[in-house]
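Let's take a friendly walk through the packing and surface of this protein. Please have a look at the model first, and then read on.

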Amino acid sequence: MSDSEDAESKTEEATEKKINDTLEQGRTPVSRDVAAALGVLALLACLAFLLDAVGPRLAESLTLLLSNSGALRLRTESDAYGYLQIVGLECAQFLLPILLTTMLSGVVAAFIQGAPRIVFDRVAPDLSRISPKSGWSRLFGLAGLVELAKALIKMTMVGAAVAIVVQSDRAIYVDAMRMEPRGLPSLGLKSLLRLTSVVALCLAALAVADFVWTRFKWRRDLRMSRQELKEEFKQSEGDPFVKARLRSLAADRSRRRMIAAVPKASFVIANPTHYAIALRYVREEGGAPRVVAKGKDLVALKIREVAEGSGVPVLERKDLARAMFDIVEVDKMIPQDFYRPIAELIHFLDRISARKNY
């Protein structure tokens, strides 16, 4: 069967069991655009905060460096290293919060799309991942073409937005060529903030669309065929044939226990071959007569055979046996409705026993 035919047969939504199994395997719907959008938004937030908090101090330090570049003493390697260290520390105070916030945004993006799971099978060596054939199919298959189309759309949108901003600020960039060095760092930060804002808006819109698409595609790929639903039902509920076999074995064991208990019965009521009920009544044990075995057809014949072979009286009472069979239960006392007819049978057997003894 081809892949298209197999996909067409999967018309049923995935069950909760399959969804949970898929998540346990680490196959979660993840949109890389969400992580990218949150990263740029984190960068934008940092720039907006640092522009007023750290920006002026960084601009002042760089301005002093640029304004007095001619007076710098760079005679030895240690002099150059000292100046680079000063500039690096100043820039680190500006860049370190951005780096940490961007890393945190990646963690937040992972938790938004689903709790991360450690699945060792996903990181286990797999030769198919480095196979040229499988790699070629990933690159030029339907999934690869979809990813290529998404990448082109993102590049086009972001590039167009950046081009519009740069075009609108072209006069500012031209005027910057005639500005004092003191104003260049502040201008650069403000321009970076505007560009980041536009890129963040584009990526946020793309992330929402990609998030919806990723979830939809993940659900679509998890669809099941009717045969898969039947197989899963068998696994969860048990194979009907196996369950029938287990019930048959349990009934067989129950029948053997009943037949083994027949010799302990006081008498058997039969009809005459279709039904048989073995009762035990001993006054010293107390209580009403107890059913030790019951059966119909072949089981009834077996009960009669064992009873007759063990010397247990068999009384043919057609109507009584038929009436009792569906009501009485094995290993339980007879219902109160049958006290009187059973008592008459017990009295009858006692008279016969008394005559024999006499």
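Valine 199 touches Val40, Val158 and Val162, leaving out residues up to four places away in sequence; contact here means heavy atoms within 4.5 Å. This is a predicted model, in which local features need pLDDT of at least 70, side-chain atom pairs count only at pLDDT 80 or more, and totals for chains, interfaces and linings use all residues. Residues are numbered from 1 along each chain as its sequence is written, and side-chain values use heavy atoms, without hydrogens and water.

Val199 is also among the residues with the most contacts inside the largest nonpolar core, which has 19 residues. Such a core is a set of buried Ala, Val, Leu, Ile, Met, Phe, Trp, Tyr and Cys residues joined through side-chain atoms within 4.5 Å. Helices H3, H5, H8 and H10 each give two or more residues to this core, and H10 supplies the largest share, eight residues. Helices are DSSP runs (H or I, at least four residues), numbered from the N terminus. Apart from this core lies another, of 18 residues, including Phe267 and Met324.

Two single residues can be set side by side. Buried means under 20% relative accessible area, exposed over 50%, and partly exposed in between (1.4 Å probe, protein chains only).

Among the contacts of arginine 304, leaving aside neighbours within four places in sequence, are Pro272, Val314 and Glu316.
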